[in-house]
Amino acid sequence: MVPFILAYFDKEDTPRFPTGVLLTHCILKGVQMGSLLGTVGGGVYHAIKGKSFDDWTQDTANTSRNTAKVFGGIIVPALTLAKIYSYEDRPDAIADRAFRLKYNESQNRCDKFSFFGGLIGATVGSVYGLETSAGASVGIALGTLLHTATGSLVNPDDERLSIREQYLRSRQKIN
């Protein structure tokens, strides 16, 4: 799990600020989705326009970054807050979802891949003259794609495990 989300849980694995955990998770997923849509969609669009490789790279990275900003900063947080305030039994439902997010191995693996992809993308992008945020956005997209492409190769049975079974498994790894 991304380290800043762990700060919201106490020692008994009860989320202290479940709304914060849920909102942080959704914003991160919005950035991943925006980066992926911007990288793939922008890459195809700029290729069809017949741009040179250098212009194509720069424009695709900028499209990826801008799409990630829109989804991660505007669209997804607004939709998440609307959904949070529509829950009838809000505190319990949100706390349950926050607890489940912490032990969902696939979500956590995706977050790790996108996090390290973003770091690598920012580094490589800055070496090749891209803006750091644009390189990070492309890296997030590629990390998310790598997670998706290799997810079933790592633990094909994990998708069929219940959240409770995943929790018990993770507790066994710690002890």
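This tour visits salt bridges in a predicted model. Local features need pLDDT of at least 70, side-chain atom pairs count only at pLDDT 80 or more, and totals for chains, interfaces and linings use all residues. Residues are numbered from 1 along each chain as its sequence is written, and side-chain values use heavy atoms, with hydrogens and water left out.

The structure holds 4 salt bridges; the term means a side-chain nitrogen of Lys or Arg within 4 Å of a carboxyl oxygen of Asp or Glu.

Select K51 and D59. These residues form a salt bridge, with the closest N and O atoms 2.5 Å apart. K51 is partly exposed at a relative accessible area of 31%. Here buried means under 20% relative accessible area, exposed over 50%, and partly exposed in between (1.4 Å probe, protein chains only).

Next, select R65 and E131. Their side chains meet in a salt bridge at 2.7 Å, N to O. R65 lies in helix α3 (residues 53–84) and E131 in the loop between α5 (105–127) and α6 (132–154), so the pair ties together parts that are 66 residues apart in sequence. Helices (H or I, at least four residues) are DSSP runs, numbered from the N terminus. R65 is buried, with a relative accessible area of 12%, whereas E131 is partly exposed at 44%.

Then select D96 and R100. Both residues lie in helix α4 (residues 90–102), 4 residues apart, about one turn of the helix. D96 is partly exposed at 38% relative accessibility, and R100 is partly exposed with a relative accessible area of 34%.

Terms used: Helices (H or I, at least four residues) and strands (E, at least two) are DSSP runs, numbered from the N terminus.
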